Amino acid sequence: MPELSTAHHPLYQLRRTPFHARTSQLCLPHNWRRWGGCLAVGSYDLGLDREYWAIRNHAALIDISPLIKYEISGRDAARLLHRLTPRDIHRMQVGQVYYTGWCDDDGKLLDDGTVTRIGEQSFRLTAAEPQYRWLAMNAVGMQVQVTELTEQMAALSLQGPKSRTILNLACEQPVDALKYFRMAFNRIAGKAVSVSRTGYTGDLGYEIWMDAADALVIWDALMTAGHDYGITPTGILAMDMARVEAGLFMLDVDYTSASHAWIPGQRSSPYEMGLGWTVNLDKQGYFVGRRALEREHREGSSWQLAGLEIDWEGLERQYAAVGMPPQVPGSAVRGSIPVYAGPRQVGYASTSTWSPVLKKYIALVHLQQPYFTPGTKVEIEVTVEHHRRKSPATVVTLPFYDPEWKKK
Amino acid sequence: MTNPDILIVGAGHNGLVAAAYLAKAGKKVLVLEQRATAGGQLAGATLASGATVPGLHPAGQLRPAIVKELDLARHGLTTSAADAPYVSALPDGGLLRLVSSANDTATIEAIRRLSPRDAGRWPEFVGFMNRAAAFLDAAYSTNMPRLPRIELRADGLPLASLALQLRRMGGKDMFRVMRSLSMSAVELTEEWFESETLNAAIAGVAIHGVTLGSMSAGTGFTLIHNWLNRGGLAHRTSTGGPQGLTEALVKAVLANGGEIRTGAGVAQILVEHQRVLGVRLESGEEIKASTVVSEADPRRTLLGLVGAPELPPEFVWQTQSIRMRGSVAKLIVRTDGRHGLPDGTVAIAPTLRYLERAYDSTKYGEMSQDPYLEVTTLGADVMVHFQFATYALRNADWGSMRPELEKRALDTLALHFPAFKGSIQSVQSITPVDLEQIVGPDRRRPQSRPADPRPDFLHAAVAGLVESPHPDRRPVSLRFGPAWRWRHQWHPGSQRGAPVAEGLAFCGLGGATRCEAKRHAAAARWPPPRPTTDSSRAPPASG
């Protein structure tokens, strides 16, 4: 007799992305991850080396369809985003892309994503978490339409030094003129796409947005075009290493949304997350969190996101004490690790990773004032053979890795 | 007036009281009124149909402290000191005449005919109600704290003094008052009296002006609130009626150097960087001022006049959540004088069940078949308060229901007063939709709002905006919402938390006119702050 179980209810099943027919054939180790209610490939191999080096040396093709996407259109579309985010949306040109966080009225981050000006009165907003209610709450009294496109729109990220070459082969129009954080319409295999020069790896890279129905045709076209340039389907675990090198943080890993924080101390402001450059206090009109951000700007932040490079000789000494060579994790570690100045804990690392391209053990760290000043010597906890030890490390400016071709 | 310090939006009684206090404190005050005359609802109105109606309140009275401090007697205002009778029309054609005094022998004798036990308890009841009303009055004058952060000095001390006042009532009264506030009118009255006739007469006052029935929780509070406003069960009158009150207030504003501009509807309150800059009139003219005091209800002020895009999202959400469901209609009947109605406040509230049934209709989007009425007379004019006339009618609209409204009201009255129908010369009815026009809908952007703006007599009445002639009320039911914040927008440059818009204040539904105006005057350091002598407006307790 069939049993009624919630586990089989569609609500409890992870959705498949529009690329599932391809990615599932390639994901041989079945290393799946959950992302926004979808099945997302963690890695296509047992190890991450091949995919990681595709990002840094040639071209990685990453399915980023689970991103939450909204289309915001209407007379007050710009006004809504201008109010929602700390950036000056009214100054944005059509085809421009802004990266931004957005806050509650206490100036604490709720989420972060990109805003793309598709047209004069039309925008695309990406987010890590659903934002419909927050958008609706902010749209009161405005003439604006918010449509969620998450499932209708598929997206691929093509990242790596060869991504431009491959796109030029695949696209109807060349993408050479497309500048960093700009978007242009194009066609791949006869299908309409929009291509933005954005990414989550800190390398040269593009994101390709398309109708979900065209997903497989476009995947195939890109794979064909990229064959001679080493295009490599890549999972989100290799991307996770690359994004730490690029100094990019992640919701729920490196900060907690103010809407989910249990206690006030769990919240973070854009200034604390190094997004001060996105906060435009000179812009016209009210925006959510304005008062609080003005105050924080005036008084200074007590925390700051920074980079940390773990001193190799120091790490060697810790392991040498037990007769071992230094050990480093094979993928990005999403776990809080204490950071000390002398006996006192002054912060924590939220993501740490071995950086193959830099040959360094690095971490995204949250440090209290004044320890976030670059050059500060601190110590980070390392667990050597089940014993917790402290290893010397240096605070550095983000990003760790910034190749010249990223913006060129 | 050039460069006013303070703009007051609306010249109703609330706006005028605020204006008079602020002008008296040396501020340059300009009152902006959309209509051609000051007075708001007290002044009557011209409806969309072109018909004019006189003042909508049967009586108007201000709390004694206001009359004294604004020297309104000098401006021509006198309030009747006599205990007015409250008359309940009974099903058998008889009348139960009640004077809200502990030792009125005629009242006690009338109650004795219903129940000797109740007659014995009446003096104690009146005494208790007076003390409960005095406590409510003290609570209304107390600065409510800004949750969730309570500052010990600013919030704790006033609260402590209120608690002390409650404690001073004695253990028995303290307990009874706290209980009564949350009870229904049925529960409250049945604890005191066994006669349903008496209980229903009292319960009528408990549901007056609110969209609640005699069995709804919280009507114990509205009973005490209305008792406080009226000084008992019946309305009291002042010389010249509502018009006289308006005239006195206008004189007080002008005498203190304030200015009133009529025909100057405010289209927008201008805000930049969450700071009030002034207003834009419907004519397009802009007037700059550092402080704007709005008499309009918070929802209309904030979402309509300031505009949601200028306000924090959580705050907008809370403001949208203010319940607005009107259910009051009015009739103004001109007679030849032989209407046969007794003096005082006449209620059609025969049984507790009758009141609850009348209220039931609002749940189904209908108008009460047998309505609860409250009737007052001013010479040959008869003013009828009709409950419940649901604003949002199901399967009907107020355009077509007007004749039915008039029929039900007049038939119900004629049942008790046979001579009434023959005396009628003309009938002017004011449906909830008409009332909305008078109160002032948001005409600027009607489409931007998900639901229609309904004058809520639950809140509006409690606040003194629409129904109650008492200008010094603020809504208890609203205090737990955004009112916490509104209350602190008064001080320009207030550092307490982050006000939604500095320099914006309320003097109608969202604020307390006198209390706040005085605080503002004190903040202005001129005249120097002096202790408030807040004599209770309820008659002295005698039970």
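**View 1. The end of helix H7 in chain A.** Just after H7(A), Gly247(A) adopts a positive phi of about 70 degrees. The model is predicted. H7(A) itself runs over residues 236-245 and is mostly covered. Of its 10 residues, 10 are buried. Among them are Ile236(A), Leu237(A), Met239(A) and Val244(A). Asp240(A), Arg243(A) and Glu245(A) are also buried.

**View 2. Length of helix H6 in chain B.** H6(B) covers residues 171-182. At 1.5 Å a residue, its 12 residues should span 16 Å. The end C-alpha atoms lie 18 Å apart, which agrees.

View 3. Which residues of H6(B) are buried? They include Val177(B), Ser180(B) and Leu181(B). These cover an arc of only 100 degrees around the axis, so they sit on the same side of H6(B). An α-helix has 3.6 residues a turn, so residues three or four places apart point the same way. On the other side of H6(B), Gly171(B), Lys172(B) and Phe175(B) are exposed.

View 4. Chain B holds 19 helices and 17 strands. Of its 543 residues, 55% count as buried. Among contacts in chain B between residues at least 6 apart in sequence, 71% join residues at least 24 apart.

Methods
Residues numbered from 1 in each chain as written. Chains lettered and ligands numbered in written order. Predicted model: local features only at pLDDT ≥ 70, side-chain atom pairs only at ≥ 80, totals over all residues. Buried ≥ 20, exposed ≤ 12 C-beta atoms within 10 Å, placed from the backbone. Helix = DSSP H or I, 4+ residues; strand = E, 2+ residues; numbered from the N terminus. Expected span 1.5 Å × (residues − 1). Arc of directions from axis to C-beta. Contact = placed C-beta atoms within 7 Å.
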